[in-house]
Amino acid sequence: MEEDSQELERGYYFALDALSREPGILRDREHIDQIICEAIEKIGMHLIDGPHSVWYADCAEKDIGVSSVAILAESSISIHTYPMTSYLACDIFSCKPFDDLALIEFFKERLHISHYQVNRLMRGSQIIQREDLCSSGVY
């Protein structure tokens, strides 16, 4: 069995961690769902299902927020909010390139972001492919 390292790009992962100047909007499921729909349109992707959102609050209401996710033809997008700390996280996985700088500006405006950090990752770019598994159709 021989192992070869190949560059296999399987998709692009974008993660935005941010703080909002208006934590009240992070409680609004409809607003978060609308932002997901607008973001999908902005980056030229295609909605298959969703967005689906839930409101979460623990018994003591110390941990509350909205989680919303949409399934795309190109993969998925999600936003998770934590209004008590003004924090939000947005994740996009896509097999299609998109303008993430324009998307950051969109989120900054629509979610009233004061501070943010972005992480990007090319998925599948460092896979070791095993010939015996790939040739048999078992992965």
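Guide: Helices (H or I, at least four residues) and strands (E, at least two) are DSSP runs, numbered from the N terminus. This is a predicted model, in which local features need pLDDT of at least 70 and side-chain atom pairs count only at pLDDT 80 or more, while totals for chains, interfaces and linings use all residues. Residues are numbered from 1 along each chain as its sequence is written, and side-chain values use heavy atoms, with hydrogens and water left out.

Visitor: Which residue takes a positive phi just after α2?

Guide: That residue is H112, with a phi of about 55°. S75, in strand β5 (residues 75-82), has a phi of about 150° although it is not a glycine. S86 has a phi near 65° and sits in the loop between β5 and β6 (87-94).

Visitor: Is S86 buried or exposed?

Guide: Buried means under 20% relative accessible area, exposed over 50%, and partly exposed in between (1.4 Å probe, protein chains only). S86 is at 18% relative accessibility and therefore counts as buried.

Visitor: Where is the cis peptide bond?

Guide: The cis bond joins G50 and P51, with omega about 0°. P51 belongs to strand β3 (residues 47-57).

Visitor: Which residue caps the N-terminal end of α2?

Guide: D99 is the cap: one of its side-chain oxygens lies 3.3 Å from the backbone nitrogen of L101.

Visitor: How many salt bridges does the structure hold?

Guide: Side chains of opposite charge can pair when their charged atoms come close. A salt bridge is a side-chain nitrogen of Lys or Arg within 4 Å of a carboxyl oxygen of Asp or Glu, and the structure holds three.

Visitor: What is the partner of R110?

Guide: R110 pairs with E38, their closest N and O atoms being 2.8 Å apart. R110 is in helix α2 and E38 in helix α1, so the pair ties together parts 72 residues apart in sequence. R110 is partly exposed at 22% relative accessibility, and E38 is partly exposed at 24%.

Visitor: Which residue does R120 bridge to?

Guide: R120 bridges to D100, with the closest N and O atoms 2.5 Å apart. This pair links distant parts of the chain, R120 in strand β7 and D100 in helix α2, 20 residues apart. R120 is partly exposed at 44% relative accessibility, whereas D100 is buried at 11%.

Visitor: Where do E105 and K108 lie?

Guide: E105 and K108 are both in helix α2, three residues apart, about one turn of the helix. They form a salt bridge whose closest N and O atoms are 3.2 Å apart. E105 is partly exposed at 44% relative accessible area, and K108 is partly exposed at 27%.

Definitions and conventions. Polar contact = N/O pair within 3.5 Å; in protein donor to acceptor, adjacent residues only side chain to side chain.
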